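Happy to go through this one with you. Let's take the terms one at a time and see what each rests on.

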Amino acid sequence: MNGGRHTQPDPHPHPRHDHDHGGDHGHGPERGHAHGHDEGRPGTAGPRHRLGHLLRPHSHESADKVDRALESSAEGMRALWISLAVLGVTAIAQAVVVVLSGSVALLGDTVHNAADALTALPLGVAFVLGRRAATRRFTYGYGRAEDLAGIVIVLTITASAGFAAWTAVDRLLHPRDVAYLPAVAVAAVIGCVGNEWVARYRMRVGRKIGSAALVADGLHARTDGFTSLAVLLGAAGAAMGWRLADPVVGLAITAAILLVLRDAAREVFRRLMDAVDPALVDGAEHALLDVPGVREVAELRLRWIGHRLRAEVAVVVDGDLTVRQAHHVAVAAEHALLHAAPRLTAALVHADPAPAPGMADPHAGLAHHAA
C-alpha cells in the first residue's frame with residue numbers, strides 16, 4: 001500500500017470499525033454498521049448496482065461473515081471424514097488381496113490409497129485451527145495452517161512415490177509370480193471407483209470453499225484411481241504369462257504419482273507465495289472502476305489466508321471531497337469488491353486524493369521510508 005494508510009489487520013473474531021480521517025477505511029468482515037446508499041452522495045450505488053444486490057444478496061454483518069467461514073470449514077471437515085471412510089475401506093480391501101496375491105503393483109496402489117486417506121488428518125487439524133479466534137500474536141487468525149497442511153500432503157505424496165518405486169525395482173530384480181489374479185483385478189476396480197469418487201468430491205468442495213490443500217488432496221486421489229487401472233493392466237499381463245508385468249506397472253504407478261506430485265506442489269507453492277488467479281484481480285479492478293467517485297485504482301492486492309480472501313486497495317477520488325464523501329466512496333468500493341469476489345472476507349480500502357496543480361504529494365512525508 002502506498003503511504004498514509006493504517007494497515008493494522010482486522011481479524012475475524014474481533015468486531016471493530018476504525019475510521020481514519022486521512023481517508024483510510026479498513027472494513028473487514030467484522031464491521032457491524034449499515035452501509036448507506038443515499039442518492040446524491042459520491043460513491044452511492046446506482047440502479048444497476050442495487051439490482052445486482054437483489055440478485056446476489058450478501059450480508060455485511062459480522063455474525064453472518066463468521067457463520068459463513070465456520071460453514072465452509074465444517075463443509076471441508078465433512079468432505080475429509082467422508083473421503084477418509086471411503087478410502088479407508090478401499091485400502092483395507094486391497095490390503096487383504098495384497099497379502100493373498102503378493103502383487104507389488106497392488107501393494108503400491110494400496111500404500112498410495114492409505115497415504116491419501118491419512119492426509120485427511122493434517123487437513124482436519126488445519127480446518128479446526130482455522131476456526132480459532134485471531135490473537136494479538138496471530139492477528140490474521142490461523143488460516144495459514146491450511147497451507148502448512150498442503151506441505152504435509154506434498155511430503156506424503158513424495159514418500160508414497162519413493163516406496164512404490166522401491167518395491168517395484170525390488171520385484172524387477174527378484175521376479176515372482178502373482179497369485180489370485182482375479183482378486184487383484186477386482187481390487188483394482190474397487191480402488192479406481194473409490195478414488196475417482198473421492199477425487200471429485202474433494203475437488204468440488206475444495207473449489208467451493210477456496211481450499212487449495214483440499215483441491216491438491218483431490219488431485220492426489222484422482223491419480224490413485226489411474227494407478228488402480230494400471231494394476232488392472234498388470235494383472236492382465238501377468239495372466240498372459242508376462243512375469244515382469246506386475247513390477248513394470250509398479251514403476252508406471254510411481255511415474256503417475258510423480259505427476260500428481262508436480263501439480264500438487266505447484267498449487268501449494270502458489271498459495272504459500274500469495275498467488276491469486278489474475279482473472280480474479282481483473283474482475284476486482286473492473287468492479288472498483290465501476291464505482292461512482294472512483295477515478296482510478298492506484299493499488300490492488302489480493303491474498304488467500306487458508307480458504308478466505310483478503311484485499312488491500314487504494315482508490316483515487318476527487319481531492320475536493322469531504323472526509324464523509326470520501327468515506328462513502330470507500331464503502332461503495334468495498335461493497336463492489338464483495339460482489340466481485342464472493343470468498344472475500346476482509347477489505348482495507350484507502351482513498352487517495354487526485355493530484356492537483358501546485359498541490360504537494362500527500363504521501364511525501366513517507367518518501368524516506370521507501371525501499
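Q: Why are α5 and α8 called roughly antiparallel to each other?
A: Helix α5 (residues 145-173) and helix α8 (residues 245-272) pack at an angle of about 165°, and an angle over 145 degrees counts as roughly antiparallel, under 35 as roughly parallel, 65 to 115 as roughly perpendicular and the rest as oblique. α5 and α8 are therefore roughly antiparallel. Their axes are 8 Å apart; axes are lines fitted to C-alpha atoms, for helices over the stretch in contact, and angles run from 0 to 180 degrees between N-to-C directions. Helices (H or I, at least four residues) and strands (E, at least two) are DSSP runs, numbered from the N terminus.

Q: How should I read the model as a whole?
A: It is a predicted model, where local features need pLDDT of at least 70, side-chain atom pairs count only at pLDDT 80 or more, and totals for chains, interfaces and linings use all residues. Residues are numbered from 1 along each chain as its sequence is written, and side-chain values use heavy atoms, with hydrogens and water left out.

Q: Why are α6 and α7 given the orientation they have?
A: The axes of helix α6 (residues 181-209) and helix α7 (residues 212-239) cross at roughly 165° and come within 7 Å, so these two helices are roughly antiparallel. Their contact has 21 nonpolar, six polar and seven charged residues.

Q: Why are α3 and α4 described by their relative direction?
A: Helix α3 (residues 104-118) and helix α4 (residues 120-130) have axes that cross at roughly 10°, so they are roughly parallel. D116, A117 and L118 in α3 meet A120, L121 and P122 in α4.

Q: How do you know that β3 and β4 pair?
A: Two strands pair if DSSP finds at least two bridges between them; β3 (residues 296-305) and β4 (residues 308-317) have nine, in the antiparallel sense.

Q: Where is confidence lowest in the protein chain?
A: pLDDT is the predictor's confidence in each residue, from 0 to 100, and strand β1 (residues 18-19) has the lowest mean, 38. Over residues 1-70 pLDDT stays under 50. Where pLDDT is low, the predicted coordinates should not be read in detail.

How values were computed:
Nonpolar A, V, L, I, M, F, W, Y, C, P; charged D, E, K, R; others polar. Contact = heavy atoms within 4.5 Å.
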